[in-house]
Amino acid sequence: MEKISLLFSRKNCMGCHACEVACKQEHGLGVGPRLVRVLEKSPDYIPIYCHHCAKAPCREACPVDAISRNEQGIVLIDNELCIGCRECIEACPFGAMQFEDNREIAVKCDLCIQRLAENKKPACMSVCPTACIYLDGQKSIATVFEKATSPEVR
Amino acid sequence: MAEIKRVRTVCRSCHGGCGVMAHVKEGKVIKVEGDPASPISHGSMCSKGLAITQLAYHPDRVLYPMKKNGGNWERITWDEALDTVSGKFKEVIAKFGPESIIVGQGTGRDFESHFSRFGNLLGTPNMLTAGHMCYLSRIGATLTTCGRHPAIDYANNPKCIVMWGCNPLWTNPDEYKGVSFWRAYQKGAKLIVIDPRQGFLAKKADLWLQLRPGTDAALALGFFSVIIAEGLYDADFVANHIHGWEAFADRIKTDYPLERVAEITWVKPDLIRQAARLYANTKPAGIHWGVPTEQTINCTDFTRTAVGLMAATGNLDAPGGNVFHEPPGTRKISEFSAHMALSDEQRKKRLGGDQYKLASRMTIVTPKCAWDAILTGKPYPVKAGYLVATNPVVSRANANEVQAALKKLDFLAVSDFFMTPTAELADIFLPAGTWLEQDHVSENWKYHGYVLARQKVVEIGECWQDHKIFMELGKRMGQQWWDTIEDSLNWLLEPTGLSWEEFKHKGYLHGEQKYYKYKEKGFSTPTRKVELYSTVLEKWGRDPLPKYTEIPESPVSRPDLIEKYPYILNAGLRTPTFFHSANRQIPWLREIRPDPIVEIHPATAEKHGIRQGDWVWIESPRGRAKEKAKLNDGIDPAVIVAEHGWWYPEIKDSGHGWDLSNINLLTDNSHESMDPVMGATNLRVLLCNISCCEDV
């Protein structure tokens, strides 16, 4: 099966934060964990998101094997198995792993796997007005940055 | 598992218009998504609309009518609430006349038709809106200049877009959402951005003109200086369709040579020249302009000059330029509004009507005139008010005066979702429904050629949609309305041959677009031409030609203030998560923007020992507010940029922190500072100083 991941063209992120709210709504999250987040450094915006790494540091750091990678390349966390030790949060180089205080567990982007199953775009992608969030069959981080500067993306 | 029902409707978390699919489970909205079939938003939704469930089901939301009893709010029935309001209004009318009641709304919330009808049938000419300095002001200026509001025609792909004081990807979605702009831009349009602040669009732009805040009209006249000197105008259009071209060209040559424009605007002559050439030589080209151009003394003159640019370059009503969209064939809102029902006698009593003639023509008063009348009793006493979806204590100029005036009213009723600093001043609170709780032929007040079906998804508490509140209150005042909301919508839709039920299923209607209509009919002005020389303004004894008036409180006009207030405050920075004073209590949105932000150039911040994240006092000759510092080297070191609309719903006393970070404690609303025909208050440009805030 073809692997998929989400790409953000940083160049076209204009800081509207719609992706953040769409994600919270989709995953029923309150204040605290931000599975996708846009940092502002006027006049630039920096999307922070899970890259679903092939050699995922979060997965390697997890002492109870709560984090796995499925055949589509989506890195998932099992809420039942997570013990809330925060090792994965330390390990993630992007700051994409989040902690939910209420349940005392780590939470992360699941690429809206349920929506994908219904052939719908991930929530964040579905609302982006500049279409700077897109899905790609390629999974490597290098590809992300190549894509972000490729000529067809203005 | 309970079934999830999907209902198609239309957002109104800002001015509205984006298509929504609402997901309903067991009578509750659990999720909203963008509607890909929407001709306005094409499936996108912004953070504000996406957070509607947190607003609609917010624990602080007021879900039933209330009255104030000895300073405390207590729950009452709708009957008691409406009887109280209508009873008080009848007392005031008997004693002082209907003009002693003000009826006010805030920014456009899609009930303009009902608001106006209620006021007109009540007999009061004193209708307060944001329109003196937002949107209606451009409708007024374009009406007198070219007969109708010319919206940029993104659907036909402008090859050059002038984004003037506006970022539709963040805010200001009047005719077009950011998505439409973005599509046209992605197709390769050249982009000219005019903004004192380097935002996302300025970075994308082919040309970025960083002007001195408030000098937009001068810059527009500077464009003309180039266009006339280099003969870049459409000679045929100018000869046949512009009234007063010679006189206008003379004024440009005499008063606005490029060097002088550069001196006024701080934009280098060569950059103005390049921009004017790019706009004039690229066909088609469109101008998309925002409220900063309207919120100064130059409100009307800027819009008139901008229309002049569209006209002289042959872009007016040309595909891909700025066009007059055809209305979709429903009854007009002016008819629904029953403007003819207001007698001449009452019309003549409009506060400030003799002075602000354009505002009067647009059937509103500038709020300053209302505050004056309340506070002084002149020219006659104003005793009661009804404010709907508006928080003027935070969002109007000179907040202290606004609060004092509202406190002095004998009786005030408000409709809102929450107890705002304004609502707390009221005697009666009427709980309004959100856009999830209303049926309406939405967008019928806009100039984009569409109406869209906003259909009720749920009912929450005892809240009523604003339209119904106006209708039921109106009936108690003896006014003629319809039995039900559906009846009124059927009446609005009648000429289209559709009933509300049928329209709801259809989703939207679009007027048939035609271009170059002036070739047959001319323009809807007294001379049938684009009136760069305005016969209307001339008749009113005003300057018939557009000009730039120096901002009343600037380094140029008030050098005496410079020592104490050395910076230009550019107030009213918009953010994508909030809409004016709304949404500060929505957890998802407040998490993104927890604090009010003041942007300061790093060099300026250093001078004052201010670091990123410090609380900063911003002070003008009239007052001060504190906001949190964000360093931005994309603004001029002499310019300070501050957010507006801030109060703190989490502060539970009745002021809700209205006087802490409210930038309108600094703004001026003196008559001298306002646009002379529209009464636009200067919410944007004044002098200020900054200092580190020690006591946070």
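Predicted model: local features only at pLDDT ≥ 70, side-chain atom pairs only at ≥ 80, totals over all residues.
## Extent of the interface

Chain A places 31 residues in contact with 35 residues of chain B. The size of an interface is often given as the accessible area lost when the parts come together. For chain A and chain B the buried area is about 2,800 Å². Carbon and sulfur atoms account for 51% of that area.

## Polar and charged pairs

Seven salt bridges are found across the interface of chain A and chain B. A salt bridge also links Glu33(B) with Lys120(A), where the closest N and O atoms lie 3.7 Å apart.

Polar contacts across the interface of chain A and chain B come to 13 residue pairs, with both residues at pLDDT 80 or more.

## The chain A side

On the side of chain A that touches chain B, the elements giving two or more residues are helix H1 (18-27), strand S3 (44-48) and helix H5 (123-127) of chain A. H1(A) supplies the largest share of this side, with seven residues.

By residue class, the side of chain A that touches chain B holds twelve nonpolar, nine polar and ten charged residues.

## The open sheet of chain B

Strands of a sheet pair through backbone hydrogen bonds, either parallel or antiparallel. In chain B, three strands in the order S1-S2-S3 make an open sheet with antiparallel pairing. Its edge strands are S1 (4-10) and S3 (28-34) of chain B, each of which pairs on one side only. On average, neighbouring strands of this sheet are turned by 30° against each other, direction ignored.

Seven bridges join S1(B) to strand S2 (residues 19-25) of chain B in the antiparallel sense. Within this part of the model, Ile4(B) has Lys25(B) of S2(B) as its bridge partner.

## The barrel of chain B

Chain B also contains a closed barrel of six strands, running S22-S26-S23-S25-S24-S27, and its pairing is mixed.

One of the pairings is parallel: strand S22 (residues 567-573) of chain B and strand S26 (residues 639-643) of chain B are joined over five bridges. Here Ile568(B) has Val639(B) in S26(B) as its bridge partner.

Methods: Residues numbered from 1 in each chain as written. Chains lettered and ligands numbered in written order. Heavy atoms only, no water. Contact = heavy atoms within 4.5 Å. Buried area = accessible area lost by both parts, 1.4 Å probe. Salt bridge = Lys/Arg side-chain N within 4 Å of Asp/Glu carboxyl O. Polar contact = N/O pair within 3.5 Å; in protein donor to acceptor, adjacent residues only side chain to side chain. Helix = DSSP H or I, 4+ residues; strand = E, 2+ residues; numbered from the N terminus. Nonpolar A, V, L, I, M, F, W, Y, C, P; charged D, E, K, R; others polar. Pairing = 2+ DSSP bridges. Axes fitted to C-alpha atoms, helices over the stretch in contact; angles between N-to-C directions.
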